[in-house]
Amino acid sequence: MSNLHNTALDLIESGGRVFPSSKGLKTPVTPNGYLDATDDPDTVEAYWQRNPNYNIGVPTEGILILDVDGKDNPWLTVERAEALARTGCPITVTPRGGRHYWFRQPERAKWRNTTGRENGSGIAPKVDTRADGGYALVPPSATSDGQYKY
């Protein structure tokens with residue numbers, strides 16, 4: 001079994017749902033993308049037996065990911081980084097050195113994805129959110145830019 005396969009099984013065992021994504025890419029390989037995410041161990045076994053190098057996608061329904069692009073993003077000041085770290089939220093490092101800060105959405109919240117833009121919409125330039133209607137890759141998935149890490 002591959003590390004990706006084991007991680008996918010660990011995620012569903014802890015109550016999550018997963019779907020396979022193309023090796024080296026963020027593209028789901030299932031017909032309906034992240035909507036085909038499963039918590040069925042037999043389905044996960046079949047996916048990763050077909051290709052042990054599939055990346056692991058996780059739907060972000062009920063989750064909010066604060067996605068700070070770039071390791072030198074000026075929005076992520078020392079104070080903000082320390083405040084986010086104090087929340088105890090899981091943090092993953094993206095292949096380009098950005099950060100994903102993972103939170104549960106409050107009950108009854110229906111937050112959607114946003115994109116940080118220079119024109120002021122979104123949180124800040126190069127700061128996106130992933131929430132209902134989105135997905136993210138998790139470690140040890142990798143793209144052509146490198147590997148996701150904890």
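These legends describe close-up views of a predicted model.

Local features are given at pLDDT of at least 70 and side-chain atom pairs at 80 or more, while totals for chains, interfaces and linings use all residues. Residues are numbered from 1 along each chain as its sequence is written, and side-chain values use heavy atoms, without hydrogens and water.

View A. Threonine 30 lies in the loop between β1 (19-21) and α2 (41-50). Helices (H or I, at least four residues) and strands (E, at least two) are DSSP runs, numbered from the N terminus. Threonine 30 is buried, at 8% relative accessible area. Buried means under 20%, exposed over 50%, partly exposed in between (1.4 Å probe, protein chains only). The threonine 30 side chain comes to 2.8 Å from the backbone oxygen of glycine 33. Beyond four places in sequence, threonine 30 is in contact (heavy atoms within 4.5 Å) with Pro20, Asp36 and Tyr47.

**View B. Helix α1.** The buried residues of α1 (residues 3-13) are Leu4, His5, Thr7, Ala8, Leu9 and Ile12. They pack against α2 and β2 (55-59). Just after α1, glycine 15 has a positive phi of about 105°.

**View C. Aromatic pairs.** Rings of Phe, Tyr and Trp (its six-membered ring) pair if their centres lie within 6.5 Å; planes under 30 degrees apart are stacked, over 60 edge-to-face, the rest tilted. The count is four aromatic pairs. Tyrosine 47 and tryptophan 48 have ring centres 6.3 Å apart and planes at 80°, so the pair is edge-to-face. Tryptophan 48 is buried, with a relative accessible area of 3%. Ring pairs also join Phe19, Tyr34 and Tyr135 into a cluster.

Notes:
Polar contact = N/O pair within 3.5 Å; in protein donor to acceptor, adjacent residues only side chain to side chain.
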